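Me: I'm new to this one. Can you walk me through a few spots?
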Amino acid sequence: MKMKAEVFLPEDYRPADSEPFMNERQTEYFRRKLLNWKAELLEDSRDTVAGMKDQTRNIPDVADRASEETDRALELRTRDRQRKLVNKIDAALRRIEEGEYGYCEITGEPISLKRLDARPIATMSLEAQERHERREKVHRDD
């Protein structure tokens with residue numbers, strides 16, 4: 001297994017269009033951004049599970065019980081969305097390892113740094129994403 005050298009990133013580093021696309025610094029920036037995001041989601045998930053274990057109790061008032069069940073269902077839906085997000089983060093991290101990160105899966109063109117910074121799990125350029133959504137909408141209306 002090949003060991004990678006640690007890439008130095010200044011704390012205030014932001015990827016810039018003036019540097020080569022997906023150079024070591026940009027790749028490391030997005031890798032760290034994805035890992036931090038994943039760690040936050042997993043921490044939230046642990047907090048939710050712990051909170052749900054603490055909240056399991058018998059509530060005699062029907063309205064209060066219904067309210068708590070609604071809150072719990074909403075929390076579980078949120079956690080499910082976050083679980084799916086963690087899977088997308090893992091896929092993005094795999095693309096980084098494979099050298100495919102930052103390139104549109106449809107066109108092969110670079111995805112803008114602005115888009116990747118805002119949505120580091122993006123797999124398509126903005127243009128390809130918009131075309132995809134238009135096609136999806138057309139087919140959904142059938």
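This is a predicted model: local features need pLDDT of at least 70, side-chain atom pairs count only at pLDDT 80 or more; totals for chains, interfaces and linings use all residues.

Me: How much space lies in the second largest pocket?
Reply: About 170 Å³. A pocket here is an open set of points on a 1 Å grid over the protein atoms alone, where a 1.4 Å probe fits, with protein on both sides within 12 Å along at least five of seven lines. The volume is the space filled by probe spheres set on the points.

Me: Which residues line the second largest pocket?
Reply: K88, A91, R95, R115, R119, I121, A122, T123 and Q129. Lining residues have an atom within 4 Å of a point. Helix 2 (residues 62-98) gives the largest share, 3 residues. Helices are DSSP runs (H or I, at least four residues), numbered from the N terminus.

Me: OK, A92. Buried or exposed?
Reply: A92 counts as buried because its relative accessibility is 0%. Buried means under 20% relative accessible area, exposed over 50%, partly exposed in between (1.4 Å probe, protein chains only). A92 is found in helix 2.

Me: What does A92 touch?
Reply: L34, Y101, P120 and I121, not counting residues up to four places away in sequence. Contact means heavy atoms within 4.5 Å.

Me: New topic. Where is M22?
Reply: M22 is in the segment before helix 1 (24-55). M22 has a positive phi of about 55°, although it is not a glycine. M22 is buried too, with a relative accessible area of 13%.

Technical notes
Residues are numbered from 1 along each chain as its sequence is written. Side-chain values use heavy atoms; hydrogens and water are left out. Helices (H or I, at least four residues) and strands (E, at least two) are DSSP runs, numbered from the N terminus.
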